[in-house]
Amino acid sequence: MADLGSALRTVLDGPFASARDATREQLAATAVLTDPTLTLEEQRRQTREAVLALAKTGVPAAGFAEAHGGTGDIGASLVGFEMLVYADVSLMVKAGVQWGLFGGAVENLGTERHHATYLPRIIAGDLLGCFAMTETGHGSDVQSLETTATYDAATGELVIDSPTPTARKDYIGGAAHDATLAAVFAQLVTAGPGEEPQSRGVHCVLVPIRDEDGRDLPGVTTSDCGVKGGLNGVDNGRIVFDQVRVPRENLLDRYASVAEDGSYSSPIENPNRRFFTMLGTLIRGRVSIAGASGAAARQALAIAVRYALRRRQFGAPGAAEGDPTEVLLLDYRTHQRRLLPALARAYALQTAQNDLVATLARLQGGGTEPDPKEQRDLEALAAGIKAYASWQASATIQECREACGGAGYLAANRLTTLKADTDVFTTFEGDNTVLMQLVGKELLTGYADEVRGLDPVGMATFAVSNAAEVVLERTPVAPLVARLRDATRREGDEPDLLDRGTQLALLTDREEHLLDTLARRMQAARKASGPEAFAAFNRAQDHLVHLGRAHVERVVLESFVAAVGAVEDEEVRTMLDAVVDLFALSVVEEDKAWFLEHRRLSVGRAKNVTTSVNALCERLRPYAADLVDAFGIPENLLEVEVLA
């Protein structure tokens, strides 16, 4: 094949090839790499100018419905934002806050009057805002936020207040300088006629925070988070509210409203279900971070692999006398081991990300309320892939930095900047460990509405049943995947590690076993209460995280297998089959202790996992350049010193 890299790119781009190509053209024509030598203010100004320029490209408008002034192509919007990482991670995050979080809150939680009043200016970049959810005292535990929005029926206003020091809104992108309007998440307190004031749970209110000259409005105090470990183009700040009054109409009231007399109403009666429904509409943030993590890992791999194909080190024993040629780094087994399994994971994650984005676009792009179970499945998968992808990005970028030696430590070579700017991905839009517990919890409960949002005591006392069947009600997979997996599981012989069905069955069996044993542990704690119930749940948290990771790895493998199975070109499919093998066996190798302890592999077969990974690295070594060229990263964004 004349251009294997282009053929591989077609598979990786999947259903979003045209959107990715359009973004590549824009980045090739206009993008400038992050310059870490700029001052804090210079970085912020550059990022702000880039955001305003981005508004004119049409990429932000793609994420909004046509009825609201957008073009209604959610998938194109998400992959467009993802690829901004190749140029500047601060730009991707700043754009994500403006259009994904702030704009998304207005569109998804607001009603027609909010859409008409705000969205055209938000899409155009004329109204810059921020997403004020996280507080000093509460990050992952959103339901316990302390900021209050108390309705005053006498004036028809909501009073926004930070009643404690820990109620301060913290780390809020845009709050330090640029944002003039905040989407504030607060406990809504109302009292209808004859009622005592009571909290209705967390809701979102639009609150102006500064005037057009940049001065804080009365009752609002903003401050600057200052220099961070990375992402210094984003003006993160803090906000404190002191009895700030806004009109009742500023409540984003798609899921709940307050009448003029203070009466509260909602189409969703169950408070937990209402809360999770509201948060579920804001899922694009996690999906975007998953995609951005993948893009960052791919760029690091492209730099490190290209470097390893140029840099030579030490002469080969037995070389002809006087031969000055030294060995290329990528010809060393250890170097192959450092980069090629990570490259396989990057491929697998991009196919899974394509499926995730396609599912989100289908559920949220139709103009109707999505099926509740499909929406919950999507939320759990987005949480898991975000956690898995961002952990992989951190590990991959660090490995790539080390694989480039001293050159990798130069800021000009981008790897240290990528590491610094993406490190926070593991904790924002949800702490990864908490998110993996969420995935495991969703599997454990079988998505039962009545247990969503329960505290650890409630979880421990919940009667789990038919746990193994929950895994069987997995996200839909291609017929090829199901056929391969199920046929192998019926055979029951010593597994052939290079058999695709064996690989699928190994990861499925691991997930089912972890779920079943976790369910049994929870059942044993059914009669416990109070501190004993919490202790029982607390003791199982490592088990819960392991289950979440096992679930994500199984889903990612299934996505990869399905994508490769659809490839018609035999040469491309053969190449990708080896990449699938490397991904699957590197996952098994990483958790080899579990497979041995639970007798899914014999000792001899477990040793053969490592042998097979080594053989696959050697097999893929000649194609390393093609594999990274397939990422389609514009050359102007790979022009770093190590590749000069």
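Which residue in strand 9 is the bridge partner of Ile160?

Mentor: The bridge partner of Ile160 is Val244, in strand 9, and since this is a predicted model, what follows describes that prediction. The pairing that holds these two residues joins strand 3, residues 157-161, to strand 9 in the antiparallel sense, over 4 bridges.

Strand 5, residues 181-190, can be considered next, and here 10 of the 10 residues are buried, so the strand is largely enclosed by the rest of the structure. Strand 5 pairs with strand 1, residues 129-132, in the parallel sense over 4 bridges, and within that pairing Ala132 stands opposite Val184 of strand 5. Strand 2, residues 148-152, also pairs with strand 5 in the parallel sense, over 3 bridges, and there Ala149 stands opposite Leu188. With strand 6, residues 198-208, the sense is antiparallel and the pairing runs over 9 bridges, with Gln187 having Val202 in strand 6 as its bridge partner.

Turning to the loops, Leu231 is found between strand 7 (220-224) and strand 8 (236-241), and its phi is near 55°, a positive value in a residue other than glycine. Leu231 counts as buried because its relative accessibility is 5%, which is under the 20% limit for that class. Glu429, in the loop between helix 11 (415-422) and helix 12 (432-445), likewise has a positive phi, near 60°, and is a residue other than glycine. The relative accessibility of Glu429 is 22%, and therefore Glu429 counts as partly exposed.

As for the chain as a whole, there are 22 helices and 13 strands, and of its 644 residues 56% count as buried. Among contacts between residues at least 6 apart in sequence, 74% join residues that are at least 24 apart.

Aromatic rings give another view of the structure, with a count of 6 aromatic pairs. In one of them, the rings of Trp594 and Phe595 have centres 5.3 Å apart and planes at 85°, so this pair is edge-to-face. Both partners are buried, Trp594 with a relative accessible area of 6% and Phe595 at 0% relative accessibility.

Finally, there is the second largest pocket, which holds about 750 Å³ of space. The pocket is lined by 35 residues, and those closest to its centre are Arg254, Tyr255, Thr368, Glu369 and Pro370. Helix 5 (89-109), helix 7 (271-280), helix 9 (333-364) and helix 10 (372-403) each supply at least two residues of this lining, whose residues divide into 9 nonpolar, 16 polar and 10 charged.

Terms used: Residues numbered from 1 in each chain as written. Predicted model: local features only at pLDDT ≥ 70, side-chain atom pairs only at ≥ 80, totals over all residues. Heavy atoms only, no water. 1 Å grid on protein atoms, 1.4 Å probe; cavity = no way out; pocket = protein on both sides within 12 Å on 5 of 7 lines; lining within 4 Å. Points joined across faces, edges and corners; volume = space filled by probe spheres on them. Nonpolar A, V, L, I, M, F, W, Y, C, P; charged D, E, K, R; others polar. Pairing = 2+ DSSP bridges. Phe/Tyr/Trp six-rings, centres within 6.5 Å; stacked < 30°, edge-to-face > 60°. Buried < 20%, exposed > 50% of the residue type's maximum accessible area, 1.4 Å probe, protein only. Contact = heavy atoms within 4.5 Å.
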